[in-house]
Protein chains: 4
Amino acid sequence: MLKVGIIGATGYTGAELVRLLSRHPQVELVALTSQSYAGEDFASVYPALNGYIDLQCADLSPQELLEQVDLAFIALPHGHAFEVAKEAARLGKRLIDLGADFRFRRAETYTEWYGLEHGAPELTARAVYGLPEVYRDEIRQAQLVANPGCYPTSAILALAPLLKEGLIDLDTIIIDAKSGVSGAGRKAVVNSLFVECNENIHAYGVAGHRHTPEIEQALSFLAGQEVRVSFTPHLVPMSRGILSTIYVRLNREITGQDLHSLYRAFYGREPFVRVLPPGRWPHTRWVYGSNYCDLGLAVDRRTGRAIIVSAIDNLTKGASGQAVQNMNIMCGFEETAGLDYPGLCP
Amino acid sequence: MLKVGIIGATGYTGAELVRLLSRHPQVELVALTSQSYAGEDFASVYPALNGYIDLQCADLSPQELLEQVDLAFIALPHGHAFEVAKEAARLGKRLIDLGADFRFRRAETYTEWYGLEHGAPELTARAVYGLPEVYRDEIRQAQLVANPGCYPTSAILALAPLLKEGLIDLDTIIIDAKSGVSGAGRKAVVNSLFVECNENIHAYGVAGHRHTPEIEQALSFLAGQEVRVSFTPHLVPMSRGILSTIYVRLNREITGQDLHSLYRAFYGREPFVRVLPPGRWPHTRWVYGSNYCDLGLAVDRRTGRAIIVSAIDNLTKGASGQAVQNMNIMCGFEETAGLDYPGLCP
Amino acid sequence: MLKVGIIGATGYTGAELVRLLSRHPQVELVALTSQSYAGEDFASVYPALNGYIDLQCADLSPQELLEQVDLAFIALPHGHAFEVAKEAARLGKRLIDLGADFRFRRAETYTEWYGLEHGAPELTARAVYGLPEVYRDEIRQAQLVANPGCYPTSAILALAPLLKEGLIDLDTIIIDAKSGVSGAGRKAVVNSLFVECNENIHAYGVAGHRHTPEIEQALSFLAGQEVRVSFTPHLVPMSRGILSTIYVRLNREITGQDLHSLYRAFYGREPFVRVLPPGRWPHTRWVYGSNYCDLGLAVDRRTGRAIIVSAIDNLTKGASGQAVQNMNIMCGFEETAGLDYPGLCP
Amino acid sequence: MLKVGIIGATGYTGAELVRLLSRHPQVELVALTSQSYAGEDFASVYPALNGYIDLQCADLSPQELLEQVDLAFIALPHGHAFEVAKEAARLGKRLIDLGADFRFRRAETYTEWYGLEHGAPELTARAVYGLPEVYRDEIRQAQLVANPGCYPTSAILALAPLLKEGLIDLDTIIIDAKSGVSGAGRKAVVNSLFVECNENIHAYGVAGHRHTPEIEQALSFLAGQEVRVSFTPHLVPMSRGILSTIYVRLNREITGQDLHSLYRAFYGREPFVRVLPPGRWPHTRWVYGSNYCDLGLAVDRRTGRAIIVSAIDNLTKGASGQAVQNMNIMCGFEETAGLDYPGLCP
């Protein structure tokens, strides 16, 4: 059994990791850290897990935690992973960071968008961006995986086949994304209150959201040249789910059938990407609590555009499920281990 | 007092008309038709209105209804307004149709997108498209007003200033719209069930929704040339509200401040359009149950695009509120009569 | 015009007061206090009210505020009204407190349930409990009104006729109440986050909620003897609304028809209580954003019990609407002034 | 592998059966019937299950289905199970009916509350009420199991220990229950529309809901004498979950600690009942999508009552999960097979 620890276990992505790992056949959870709930049973903070986890939250230092485990997950806001990563490198422990600290090839990009000096630039160069559908081979060898952001996962998976094939005008990409509120985390802020979110939808971070450079880095890699996108996130009154609606201008005439064939070929052997048949569009409910990314596609002949819609659960494929998938790949487990169940619907 | 009747009073837009008109200072509601609830007190179908309306639903013919009123509203699905409009023309009664039957200048466009022969092409030529911010003068003289669709209202108001000024590449307009479920009406269908809509978001009508030609007709009029758009509606788990996020390529360099000045000038005297200050983005909750359209704007220098976000209540400014506004204009009432109250928030 | 100020204007009950008073025909809002938003336009905190209020939030002392107004509302958590009330008494200004500080005849009850020394016991003796349906005459003369809690309003109105008539076994009263989340206020706490409340219902404060003694005080007054109740509040995933389902054992045999007659007689002239016909049960949507209390009634012959269900909007009849109703009574205005509109439904 | 069929697979309880059985280690799903979707892939009706089920819906007769299977589930409205049960008896196949047709010992009770002649009274006498915590031994031998209703499951589990111990006045039981909307099924009716249910709570079936006699039958069995209850269901704006708040008068003085000890002893070895520690109250989110029943308890000394709150997922422990649990018991499988995972939370 792989001994695993979670740093920041009581936020929403931390709790989702516990949910998934508590039933993973090859994992033993041995340590959960939390500052706010140190000393409390994890199952009293998340009583849904009563009977599935018998650990207390502890306020451990990175070193204390890492010494107990074979692999650790960091489920903290950005800026907190640098020291942990250095310690993990020193101790030779594998690490999967669910935050943004190691997502950028260039530390300057991080500084520019996150407003922080990068605390471990030497490590960021060796970190692997944990999107298995694009970087599976690299993940297999990785010691440090930067788990993708939720919006970037939904956008990159939707666009990868088109970019690989060079089918679109690269300056026409528009990503209109809609997220459930769990994406904002469990922090007690007025903007995340029920009454503020319920019966409401609004855009935020327009023309400036931090997931923009992360999306652009991956798309540029896939396209083999610099790509810039318009990306607008929205907050939707639901707990889980991201739907990204993506518009691109095609640079040659293809049919909807061609487009479907392309995507089916590209994702045919992927365990967690499902390409819907023509005329069907994904619902976030269909991936609720699961690690799937569902894709719907169409060519709009009137405007010469392709429209791609992707649905994921932001806490699962958009965060903790994908992190477990990365762990499975890094450790040579079956890639679907602990993740092989459908969304909860209805 | 203006004697008013509503044809199709027990659907959601019908009930919203009753709510608004029951407190309108210059209106007397005299007849409500409903096939499903004929013979029942309207207030027993919508007990919220208990004490505000003392009429029974009746299954009247168009003629029977029109003879009792000075002005009628039709709040029925498309295809039902033709005969009523002919009868109204014959009797010289004013008519506001909340459906699509008279929204197109060319009857062929109607037939192409709605799949129905147009039943009164001679009247559609004389009908006025009831968007006061664009057609106020024509509405003043109109006998027959085609009340705009909910999505078109949100899109056209967001784009009108840019199109009038000729500031954008006309083949780059993308309208990503998100609607609450009341837009689907009160029909008992599986897709509108609570369990199907809750904790869910999905796109529908991709590259083929019937509001597309309606939007294009108005934008083409404003631009003075043919415009084609990509328009994608989504269903969001809330009862009321439409948020439209709109992306356009600017054809010259302007600042965000310029953009705000343009919109403030364009809408400065409009009673129901509020342009938010730079950096603020509309929430549908802020217009909940009210007749306002809130607009947020930005220029994205990285991509050369302008991004416009509009929020309306689909049942009010997107349907019945705008219909009352049109009635006010047609009848020479204060344009805000019966509509001068803020959204219900929180 | 009555000059009015609100202390604590940016919480949910404060904002509801602004919404209602901004359109009240006899009121001029002159001062809004808020510590968190001092210096900001109120309409930038609540953009729904853009165009309806042109005041900045200020961090005024009680004296500074009271000197500007004829009447003030306190919309703060309990414990903050004592000094304001003393100052108001000194200055001879009318005061309506939406918190709990002056709801109890006996200061000891306050101390026992709220864990605070009462800061103005001499004033509590003169304060009037602001439930117009029970204490209208006293309110007319009052200088200091203690506005009832939301749950107590829903429970007392449901039970008053039965208690007045002496029809029930007083030790059998069970009040099972369900509230929307706005009842928890706008405080940034984890328990009020969207993700914690959505798709969830739970009981809280079981056998110990602070509204229990408030309910018992009013019911004891109505019954003419000591009454004890079981009261259990629940949190429901909606923004507004309280539904209270109340069970009592009848001490004599009466029919459902008798029960309806009794309630219709009792509330026949009340402007804000609507007794539904037999077989109909109130929905909180029917009173959404309005000042109504809807009541449904039945006698269950199998068990000898009466079941009463009441619905209010917790922010309106359960707080700010009732406060405005009290102001109207105190000032000799039409009792329904500023409150004469139906709930927003759908 | 046990060959299993589901009659009525496309309703919500049917789909929940498919979700659970598609991953059950000892079950092979071989036939799914549906009239509305005959000929369609089940996974195209419920795309969440894409990749987990490869069966078409078929419009089979009871005999056709039963001949293919070892055990069948009926997930249809009441009145449809009689003929199936006769056929199953003839063929010697095991049957679990999720409807009400075989829940009553006395066919007359069925007729009285459901208004239908009972179509197979000879079978109802041999049917076992499928509540494992009460009837596990009988279920083990059963050929025909009547799966309990959702409300009855939540109520009976909450009360069983108190009744067995004879601790309460039997004429004081009040059950106030709150259900998510999926309990109403997938039928297209106005009352189940999103807009009708959202931002709303109401009672229904007051003093006459059909689950009343089912609850009373089980409680009477446990008490050893006739029990009558007041039972009021409510509709809450959430998809899944039932919370029942139950009030009873204690007939002797016991402490909260005694009560907890009693429940922990009674349910100590039950795999799916979790008794919460004193001071904690169940949230329906904690059992979301799982087969657990969480119980919270208190003694209210002021009123001499015990208050018990139970939470289940109405589709899982309240229907399909419990049906799978019954199948496990009938077939000698591990009782938790296919059900051993926690609720989805957050």
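These are my notebook entries on a predicted model, covering one interface and several local sites.

**Ground rules.** I number residues from 1 along each chain as its sequence is written, and I letter chains from A and number ligands from 1 in the order in which they are written. Local features need pLDDT of at least 70, side-chain atom pairs count only at pLDDT 80 or more, and totals for chains, interfaces and linings use all residues, while side-chain values use heavy atoms, with hydrogens and water left out.

**Entry 1: the interface of chains A and B.** I began with the contact (heavy atoms within 4.5 Å). Chain A brings 47 residues to it and chain B brings 47 residues. I then looked up the buried area, which is the accessible area (1.4 Å probe) that two parts lose on being put together, summed over both. It is about 4100 Å² between chain A and chain B, with 53% from carbon and sulfur atoms.

Next came salt bridges (a side-chain nitrogen of Lys or Arg within 4 Å of a carboxyl oxygen of Asp or Glu). I found 8 across the interface of chain A and chain B. D171(A) forms a salt bridge with R249(B), and their closest N and O atoms are 3.7 Å apart.

I sorted the side of chain A that touches chain B by class: 21 residues are nonpolar, 13 polar and 13 charged. Here Ala, Val, Leu, Ile, Met, Phe, Trp, Tyr, Cys and Pro count as nonpolar, Asp, Glu, Lys and Arg as charged, and the others, Gly among them, as polar.

**Entry 2: R240(C).** Helices (H or I, at least four residues) and strands (E, at least two) are DSSP runs, numbered from the N terminus. I placed R240(C) in the loop between β10 (230–235) and β11 (242–249) of chain C. Is R240(C) buried or exposed? R240(C) counts as buried, at 0% relative accessibility. Buried means under 20% relative accessible area, exposed over 50%, and partly exposed in between (1.4 Å probe, protein chains only).

I then checked the side chain of R240(C). One of its polar atoms lies 2.5 Å from the backbone oxygen of P346(B). The side chain of R240(C) also makes a polar contact with the side chain of E16(C), at 2.7 Å. A polar contact is a pair of N or O atoms within 3.5 Å; within protein, one must be able to donate a hydrogen and the other to accept it, and residues adjacent in sequence count only if both atoms are side-chain atoms.

**Entry 3: strand β13 of chain D.** Why do I call β13(D) largely enclosed by the rest of the structure? Because 8 of the 8 residues of this strand (293–300) are buried. C293(D), L295(D), L297(D) and V299(D) point one way, and D294(D), G296(D), A298(D) and D300(D) point the other way.

I looked for its pairings (at least two DSSP bridges between two strands). β12 (273–275) of chain D pairs with β13(D) in the parallel sense over 3 bridges. There, V275(D) has L295(D) as its bridge partner. β14 (305–312) of chain D pairs with β13(D) in the antiparallel sense over 8 bridges. D294(D) stands opposite A311(D) in β14(D). β13(D) and β14(D) form a hairpin with 4 residues between them, and G304(D) in the turn has a positive phi of about 70°.

**Entry 4: I96(A).** I found I96(A) in strand β5 (94–97) of chain A. I96(A) is buried, with a relative accessible area of 0%. Its C-alpha atom is separated by 6.3 Å from that of A72(A), 24 residues apart along the chain. Beyond its neighbours within four places in sequence, I96(A) is in contact with residues including F73(A), V145(A) and M330(A).
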